[in-house]
Amino acid sequence: MKQTTWVIRPEEAADTTAIEDLQANAFGPGRFARTAFRIRESVEPRRDLSFVGLVGSQIAGSIRLSPILIGDTAALLLGPLTVSPDFKNRGLGKALMRTAMDAAELAGDKIVLLVGDAPYYSPFGFQQVPLGQITLPGPVDPARLLVALVNGAEMPEGAVQGGQ
């Protein structure tokens, strides 16, 4: 495995095109039909909780957290977490995850929801949502609906919609 030194910094408006290119490469044109992408369509990611990973001046990965509501409870939707194929399996995704989750906790946020693989995300405090506890406005594999509860949060309940 080739070692790489990452610089992680907050996302800037000028990064948008590079991030969209990464997402298109990683998830393809069908990404817009996915439930999590559809929720994010109407919501801007929080700039204070969105980060890019750089190798030199190249954006090699990104992570975004967007405000949502679960029922009446404010929460965040994580994603997408995207890493360039040239830099996969070198730790950038995990570094971006740690950065975003630490920032959310420091900002006082309490609930982070995502659709993803439990073995990858559980080290960051994510657990499977109990069946039927949280519903999304489209299809999602219940085994992949994960939540992290921070700052003493309790499990929310209800339908997810784009938030503030």
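How many bridges join strand 4 to strand 11, and do they run parallel or antiparallel? There are 3 bridges, and strand 4 and strand 11 (residues 158–162) run antiparallel. One of the residues involved is isoleucine 70, whose bridge partner in strand 11 is valine 160.

Before going on, some ground rules. This is a predicted model, in which local features need pLDDT of at least 70 and side-chain atom pairs count only at pLDDT 80 or more, while totals for chains, interfaces and linings use all residues. Residues are numbered from 1 along each chain as its sequence is written, and side-chain values use heavy atoms, with hydrogens and water left out.

Helices (H or I, at least four residues) and strands (E, at least two) are DSSP runs, numbered from the N terminus. Two strands pair if DSSP finds at least two bridges between them. In general, strands of a sheet pair through backbone hydrogen bonds, either parallel or antiparallel.

Contact means heavy atoms within 4.5 Å.

On to the cores. Buried means under 20% relative accessible area, exposed over 50%, and partly exposed in between, with a 1.4 Å probe and protein chains only. A nonpolar core is a set of buried Ala, Val, Leu, Ile, Met, Phe, Trp, Tyr and Cys residues joined through side-chain atoms within 4.5 Å. The largest one has 25 residues, and Met97 and Phe126 are among those with the most contacts inside it. Helix 3 gives the largest share of this core, 7 residues. A second, separate core has 14 residues, including Ile70 and Val160.

Back in strand 10, we find alanine 148. Its relative accessible area is 1%, so alanine 148 is buried. Residues it touches, beyond four places away in sequence, include Met101, Val112 and Phe126.

Last, the rings. Rings of Phe, Tyr and Trp (its six-membered ring) pair if their centres lie within 6.5 Å; planes under 30 degrees apart count as stacked, over 60 as edge-to-face and the rest as tilted. The structure holds 4 aromatic pairs. Tryptophan 6 and phenylalanine 87 make an edge-to-face pair, 5.9 Å centre to centre with 80° between the planes. Tryptophan 6 lies before strand 1 and phenylalanine 87 in the loop between strand 6 and helix 3, so the pair ties together parts 81 residues apart in sequence. Tryptophan 6 is buried at 18%, and phenylalanine 87 is buried at 10%. Elsewhere, ring pairs link Tyr120, Tyr121, Phe124 and Phe126 into a cluster.
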